[in-house]
Amino acid sequence: MKEAAQRQPAMAGRVTMKPVPAKPNLREQQRVDVALEVCVKQSSGEELSCKAANLSRAGVMISCDTVQKLLPSKTSPAPGQWIQVSTRFAVPIVASQTVSVRAEGHIVHLRRVSRNEFHVGVHFTDFEDNGFDYLDQYVSRLLSAT
């Protein structure tokens, strides 16, 4: 019985785990969670209305229930084979005023989140008019609020 008592503390002891180094954020820009309506238009003219899951100065992650119009194969584009799209969304500049941001970009990522939900990553390449300035102000304001 004395032997069992001596073995028990060894079995009930703590197991030391090797520390895992934190992974660095490899993104160029910080993302902010948003709830914006985004219209995505493919070069063929097909349009899809989605919601933005998050937004940065470099791109937007949209959430939609179908991607058939944008990605008929439902697979992520191969590197360098990006799909050209136009995006349009409104961001609030002041409490009572929103401005429309139009940006050209590439679909660079596709992930199926659930049976009926997909996340599509769009990397911005060009903005119309002052679109980048409006986006920059909006993202900066949201980042400073956190």
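Contact, as I use the word in this notebook, means heavy atoms within 4.5 Å.

**Ground rules.** I am working with a predicted model, in which local features need pLDDT of at least 70 and side-chain atom pairs count only at pLDDT 80 or more, while totals for chains, interfaces and linings use all residues. Residues are numbered from 1 along each chain as its sequence is written, and side-chain values use heavy atoms, with hydrogens and water left out.

**Entry 1, Phe89.** I listed the neighbours of Phe89 beyond four places in sequence, and found it in contact with Leu36, Glu37, Val38, Leu55, Val99, Ser100, Val101, Phe124 and Leu135. Phe89 and Phe124 are both buried, a term that stands for under 20% relative accessible area, with exposed meaning over 50% and partly exposed in between (1.4 Å probe, protein chains only).

**Entry 3, aromatic rings.** I counted rings of Phe, Tyr and Trp (its six-membered ring) as paired if their centres lie within 6.5 Å, with planes under 30 degrees apart taken as stacked, over 60 as edge-to-face and the rest as tilted. The structure holds three such aromatic pairs. In one of them, Phe89 and Phe124 are stacked, at 6.1 Å centre to centre and with 20° between the planes. Because Phe89 lies in strand 5 and Phe124 in strand 7, this pair ties together parts that are 35 residues apart in sequence. The rings of Phe124 and Phe127 have centres 5.2 Å apart and planes at 65°, so I noted that pair as edge-to-face; both residues are buried. One aromatic cluster is formed by Phe89, Phe124, Phe127 and Phe132.

Two strands pair if DSSP finds at least two bridges between them. I found strand 1 (residues 32–33) joined to strand 3 by two bridges in an antiparallel arrangement, with Asn54 as the bridge partner of Asp33. Strand 2 also runs antiparallel to strand 3, through five bridges, and here Cys39 has Ser49 as its partner. The hairpin of strand 2 and strand 3 has four residues between the strands, and in it Gly45 takes a positive phi near 105°. Strand 3 and strand 4 pair in the antiparallel sense over four bridges, Leu55 being bridged to Val60, and their hairpin has three residues between the strands.

Is His119 buried or exposed? His119, found in strand 7, counts as buried at 14% relative accessibility. Not counting residues up to four places away in sequence, His119 touches Ala53, Met61, Ile62, Ser63, His109, Leu110, Arg111 and Val113. Its side chain is joined to that of Glu117 by a polar contact of 3.4 Å (a pair of N or O atoms within 3.5 Å; within protein, one must be able to donate a hydrogen and the other to accept it, and residues adjacent in sequence count only if both atoms are side-chain atoms). Arg115, in the loop between strand 6 and strand 7, is exposed, with a relative accessible area of 71%.
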